[in-house]
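Hello,

Here is the structure I promised to pass on to you. Have a look at it first, and then read on for what turned up in it.

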Amino acid sequence: MTQLPYPTNVSLGLIAGFLIPALASADSLRPLSTDRPDTTESPHTVDCGHFQIEMEVANLQRDGGNSASNFAEINAKIGLARNTDLQFVLPAFTHEESGSEGFGDMELRLKQNLWGNDDGPTALALMPFIKLPTASGDLGNGEVEGGLIVPFGFEGPAGWSCAVMAEIDLELDEDGSGYHPVLLSSVTTSHALSEQTAAFFELVGIFNTDSASETEAYFNTGCTWAPFDTFQFDGGIRIGLTDASTDVTPFLGMSVKL
């Protein structure tokens, strides 16, 4: 009998462990708002004193003749105040076709909502973050890096929900001589298909100012299914639009608020 890899067992255990508490009444909580499955982050924070777990259960990256499988990347959040949450992005387990495998870098993020957290047609947040060099072997560069994320959400016409995001990262130069900015911008929109399901469509651009790097661009799309107010499954695909982009990445994920 085929044995599931350790990260997959962890994923299934977490899904089972968090599903039952998520069925509890959520009348006093804000609607579930997640930073996944699209690249564009949500401007809304987790309710004070509550936890939220968002997981990329699995994805498969294909780029030319190369492939890599990633399992159980987790974004664990805790609401610190009415408009503030702290996030621990715990790295996925990666297995590359070349044989390299291990865990990636960990991130610490702090999201501060500036307005629109509870209601209103718009919402804005600031989210500084720092990356810690916890990656195994050649899966990371061994350096501390960080940046700032600014997501803005707004109501579109005809029931569409929209958001845009700007992000600036400071990453190590290719030759290790210093740091350079990497700029990311994205726009996303979603619409309900039914009371429990929705579809999203997104464009993402990544502009690396290092002279040796090329621009990446992606079209991302997928669906969400929320059988309960505090629990959501998602699935979709990320499609590279430039030569520097990863060709295609199908993914599955889930999110739960406790």
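Before we start, a word on the labels: helices (H or I, at least four residues) and strands (E, at least two) are DSSP runs, numbered from the N terminus. Please also keep in mind that this is a predicted model.

Let me begin with backbone geometry. With the labels in hand, you can find Ala72 in strand S2, which covers residues 66–81. The phi angle of Ala72 is near 60°, a positive value in a residue other than glycine. That deserves a look because most residues other than glycine have a negative phi. Ala158 is another case, with a positive phi near 55°. Ala158 sits in the loop between strand S8 (145–155) and strand S9 (161–172).

There is also a cis peptide bond to note, from Arg36 to Pro37, with omega near 10°. Most peptide bonds are trans. Pro37 belongs to the loop between helix H1 (6–22) and strand S1 (51–63).

In general, side chains of opposite charge can pair when their charged atoms come close. The count in this model comes to 13 salt bridges. One of them links Lys111 with Asp35, with 3.0 Å between the closest N and O atoms. Lys111 lies in strand S6 (residues 106–115) and Asp35 in the loop between H1 and S1, so this pair ties together parts that are 76 residues apart in sequence. Lys111 is buried, at 1% relative accessibility, and Asp35 is buried too, at 6%.

Arg36 has a salt bridge as well: its partner is Glu56, and the closest N and O atoms are 2.7 Å apart. Since Arg36 is in the loop between H1 and S1 and Glu56 in strand S1, the pair ties together parts that are 20 residues apart in sequence. Arg36 counts as buried at 9% relative accessibility, and Glu56 is buried with a relative accessible area of 7%.

A further salt bridge joins Asp105 to Lys131, at 3.5 Å between the closest N and O atoms. Both Asp105 and Lys131 are buried. Salt bridges that share partners also join Asp35, Glu41, Glu54, Lys77, Arg109 and Lys111 into one network.

Thr40 is placed in the loop between H1 and S1 as well, and is buried with a relative accessible area of 2%. Thr40 and Ser185 are 145 residues apart in sequence, but their C-alpha atoms are 8.4 Å apart in space.

S11 (residues 197–208) and S12 (residues 216–228) pair in the antiparallel sense over 10 bridges, and Leu203 stands opposite Phe219 of S12. S12 is also joined to S13 (residues 231–240) by nine bridges, again antiparallel. S12 and S13 form a hairpin with two residues between them, and Phe228 stands opposite Phe231 of S13.

Last, which residues form a negative surface patch? They are Asp63, Glu214, Asp243 and Asp247. Asp247 is in the loop between S13 and strand S14 (248–257), and is partly exposed, with a relative accessible area of 35%.

Enjoy exploring it!

Best wishes

Conventions. Residues numbered from 1 in each chain as written. Predicted model: local features only at pLDDT ≥ 70, side-chain atom pairs only at ≥ 80, totals over all residues. Heavy atoms only, no water. Pairing = 2+ DSSP bridges. Patch = residues over 30% accessible without salt bridge, like charges linked within 9 Å, V, L, I, M, F, W, Y side chains within 5 Å. Areas by Shrake-Rupley, 256 points an atom, 1.4 Å probe, with all protein chains shown as cover. Salt bridge = Lys/Arg side-chain N within 4 Å of Asp/Glu carboxyl O. Lys, Arg positive; Asp, Glu negative; His and termini not counted. Charge placed at Lys NZ, Arg CZ, Asp CG, Glu CD. Buried < 20%, exposed > 50% of the residue type's maximum accessible area, 1.4 Å probe, protein only.
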